[in-house]
Structure formats: structure tokens, C-alpha cells
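Hi,

Here is the structure I promised to pass on to you.

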Amino acid sequence: MKLIEPALEPQFTSMLDVERIRADFPILGLQVEGKPLVYLDNAASSQMPRQVMDRLVRYQTTQHANVNRGVHYLSETATAEYEQSRRKVQHFINAREDREVIFTSGTTDSINLVMHGYGRKFIGPGDEIILTTLEHHSNIVPWQMLAEEKGAKIRVVPINDAGELHIDEYERLFNERTKFVGVMHVSNALGTINPIKHMIAVAHQRGVPVLVDGAQAAPHLTVDMQDLDCDFYAFSAHKLCGPTGIGVLYGKAEFLERMQPYKGGGDMILSVTFEKTVYNSIPHKFEAGTPPIAAAIGLGAAIDYLSGIGMSAIASYEHRLLEYATEQIRDIPGLRIIGTAAQKTAVLSFEVEGVHPHDIGTLLNQEGVAVRTGHHCAQPVMLRLKVPATTRASFAFYNTMAEVDAFITSLRAVLEIFR
Amino acid sequence: MNTKSLYQEVILDHNRKPRNYGVLEKPSHQAVGHNPLCGDHLDIALDLEGERIDRIAFKGESCAICKASASMMTTVVKGKTRADAETLIEEFRDMAMGKLDVEGPHHLGRLTVFAGVRDLPTRVKCAILPWHTLHAALNSVTTTSTEAEDDPMHAAIGDA
């Protein structure tokens, strides 16, 4: 029996004032098909509170210019705000230094940066990369591209029927050729919380660095880089109540410094001549061109907003939503929950005998309920669990128990059509 | 017609009791169609007796809209000539994409129950997939996709 980290802190049950929180999200007041919107597609993208929108407007209205360039007031202000956002991220994930935080366009971009910057330099023919069956396509395809280019090999950690990783198998996959581990913190398709702290320790005992895809964890759990001791951690702002087009790659400074740049251009250099170009120091080495300044500042505002509520409070409230929804959905005849890990975030994936998820999704939309249907960009998981597709309801801290009821009532009505 | 009644009145009948569902022994033409967006796939097999569709069957994993569209398609094109089937394929696709005036002249008959999918942009491909696949089968293209770069709807005849 392997150690499973406690994902939540049940002793910490501070209550959320959900009605007050909801008032911060204008979009939650929308009517869809004449019904109040019930937004349960948070794992795909979360909604934005007015505080973040206001911050974007304030930036564009009073602070915008290009960063790291001008000596004038606006450029200095924009640069200061942009760097302030970097420090907000640093504290949010408890990174040692702010230069370990690189702004990217999102989780996919972050993983590709590591593949190009680290993988292409340090992974060679015959080397092995360990991934897991649970991975999102964004943490599979870049490594497949690298494996093909270098003649490296991908080894895959299997899962059990509940959607949990076989940790014993993971340990057995290591050998002297293992050069890298890529693992998601939380499964987007199933909600499984992986025991990544233990997995990182296992890899480090063998001198192997680990990249964690934190896209589904950063918005729902407290994540602590120094506690996890991971080498790379990637996440996106738009799942974190922030804007699209911005994400983060955390990397330990010692790794980032040894890596080659991924994109070339302005900002990432110290000096350029046609004979020789000297790269800038981290994090700028990896931020070629004008970055999404407003989006980065928006991410900072989103972090302020979430920190104001508290990630522990968010995690425990969302856990209650999950428990309640799981209890309610279980009684529906012919319905099977896909993903029943002991440690889960608030994701409910399910299939209903004889009813295609797309039909459920279309008909739930008629009731104002937004869910995701399909393979969730995680086809290997679907294949392993022998489901072509699922319907997925994914919750956020602004969802209510009443919305769970509305979802379950609508789902029952939809399934009634098919009986 | 709203989405719910589209489901209730027509689609579910064909979803529960699909017509011409199964496989044909040694068909003269066949194709498999994929919708990579959802992973659905559909096999269509038929026998051409001269220019006429003598037998036709379909099988596959798909949603109710796709299955009902396939079921109704097979009942309608059975006994028709290849040319008539191609006309229906084109008209059905135009209807699903909102490019056909359902009130104007066409040959779709009761297939117009699917006109409502034009208001469900994410589901248009589900309705079209069987027709796409029939077109491919008639033109000896053995595999097709709703995301194919060259729209098989316009593939050269006989080009495998």
C-alpha cells in the first residue's frame, strides 16, 4: 500500500458565502434556452469574476505600453505590473524565486517548452520517458514527437478500473535509461488526484526530473512547489478564473538555466550580432516577443481573487459539491460513474446505458445545463476504461447545491425521453 | 420544431428500432465513416444492381441523431438510382447546414425532420456522417471522415 497524499484538509471547513461569490460572476446570471444557466464545464474553462475584468480594463485604460523596453512612464508601469503578476504566481504556488515563473500561452505551451528546451537537449536515442494512461493529449503528443525525433521510448503507467495509477507499476518502469517523467496532478477526464509528491520522490531517488501537468489542480487545490519538489509544473489561467492565452511554466532555476530557449526573438536576448547572440537570463530567456501583458496581469488579479477566498476553503467546498452530486447521481438507473478514485476533485464523468453522451449534452443544454461530452482529449483513458465517450460535469466553487439538484432533475428528464 | 421534439418525435423511434441495421454479405460497395470529434464511426454497405441500390445496411457506434439519420437514409435510398441518391446526399447536406430552403423544391420528403440540426452547429456533422459515408461508398472511397481535407462529397467518381 502506497502513501496517498491527503488532497483536502477536512479539518479546515471554513464556509463559503456562495451567493456573494456568485454576484461577482456576471455570466452566471445568464439565461440559456429560457432557463437559468447551470455551468458545469469548469474543467474545460472557468468563468471570470468582475474583479478580474475590472483589472483588465484598468490596465488597458491607464497602464498599457510594451514591457521591458521604453523608459517612459507607461512602459515602466506596465513592466512593474507584469513583474508584480509574476510574483503573485510565485507566492500562489510557493516557488522559491520569481525567476522560476515563466509566462506561456497555457499548459500546452508550457509542456512544449519543456519538451523543446529540456527534452531535445537532454533526451537521446534509447532513452525512456515515463507518462501515465491518465494524461491529457497535451502531455502525450509533445513527448511522442520528441521520441520520434530522438529514437526515445515512452513507457506508460497503467491505471486500475477506478481510474487510479498503479504506483507499484510506476516504480517498476524505471531503469537506467529513464530520463524523464511526465504526470498530471489531477485527471481532467476523471478527477483522480494522483499521489504526485510520492511519485516525484520516487523519480528523484533515481535522479530523474518530473514535469507535472497542473492544469486541473491549480484551480482546485493548494499547490506548493517547494513541498512537492517537482522540477516543472504547468497550468493555465483560463481554468483559474483568469483570461485565455496565458499560462505558467514553473521550473527549478537550475533546470531552466541549463535549458535551451524554445522561441527566438526580442526580449529573450542580451545582445545580438550576426556572429553571436547571447541569451537573456531566466525567465526572460523563455519569453520571446511581446508577451500577453494584459492577460498576465489578469492572471495576477485572478490569483488575488482566489487567494481572497482561500484555496483550502475552495477545495473543501468543492469536495462537498462532489459528494452531494455523486450521491444524487448514483440512484439514476443505468448510469455508471466513470472514475471512482478515492482521491478526487469535483469532476463527475459518467455513461448511461444505451444513451450517447452527445445526445445527453444537447438535451441538457435545452435545460440550460452546460456539460462536456466526448473523450476529453484523453483517449487513452477512454480506451482503457472501455468507454467511447462520457458526459462530464465539472464543478467550481461558485456552483451551488441547488445547481446540483437542477442538473440531476434535468438529467433525469433527459433520460426519460430515451426510456 | 425544438430540439426536444426533434428527439421525441422522430429520432428516438429510429434510434430504438433502426431500419436496415446490420451487415451485408459481400456487398458491391462499402465504406466506413469517422467523426473524429466524438470518435463515432459508421459502416455502410450496399449492393448496386446496375445503377440501382438493391440492398443497403449500416452498423456502428453513434449518437441518436447519427443513427436515426442513417436509419432513415437507408429506407429512403433503397431502390433509388445512384444519381438520385447523390441528389439526396447533396440536398440533405445543404439542409443540415442551413443552405437549403426547406419550403422550396427538393426531394427530401420526410427527411426534412432533420432541418432542425442547422440550429445545433455542434451536431450537424452527426446528421451528415451517414450521407458522407454513403457518398464515399458509392464512389469506392473505403474510408472517410467528417474532417477530411478533401471533402469526399466532391471526390472524383471511382477514385479510391
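Below is what I found, taken one part at a time. Please keep in mind that this is a predicted model.

**A helix in chain A**

Helix α4 of chain A covers residues 107-122, which makes 16 residues. From its first C-alpha to its last it reaches 21 Å, close to the 22 Å expected at 1.5 Å a residue. If you follow α4(A) along, you will find a bend of about 30° at A:M115. This helix is largely enclosed by the rest of the structure, because 12 of its 16 residues are buried. Among the buried ones are A:T107, A:I111, A:L113 and A:Y118, and also A:M115.

**Where the chains touch**

Chain A puts 12 residues into the contact and chain B puts in 15. On the chain A side, the elements giving two or more residues are α12 (357-366) and α14 (401-418). Of the elements there, α12(A) gives the most, with five residues. Sorted by class, that side of chain A has five nonpolar, six polar and one charged residues.

**Chain B as a whole**

Chain B has four helices and four strands, and along the sequence they follow the pattern α-β-β-β-α-α-α-β. Its radius of gyration is 14 Å, close to the 15 Å that the globule rule gives for 160 residues, so chain B is as compact as a globular protein of that length. The C-alpha atoms of chain B fill a box of roughly 40 × 30 × 30 Å along the principal axes. Of the 160 residues in chain B, 43% count as buried.

Enjoy exploring!

Best wishes

How values were computed. Residues numbered from 1 in each chain as written. Chains lettered and ligands numbered in written order. Predicted model: local features only at pLDDT ≥ 70, side-chain atom pairs only at ≥ 80, totals over all residues. Expected span 1.5 Å × (residues − 1). Bend = angle between axes of the 7 residues up to and from the residue. Buried ≥ 20, exposed ≤ 12 C-beta atoms within 10 Å, placed from the backbone. Contact = placed C-beta atoms within 7 Å. Nonpolar A, V, L, I, M, F, W, Y, C, P; charged D, E, K, R; others polar. Rg over C-alpha atoms; globule rule 2.2 N^0.38 Å.
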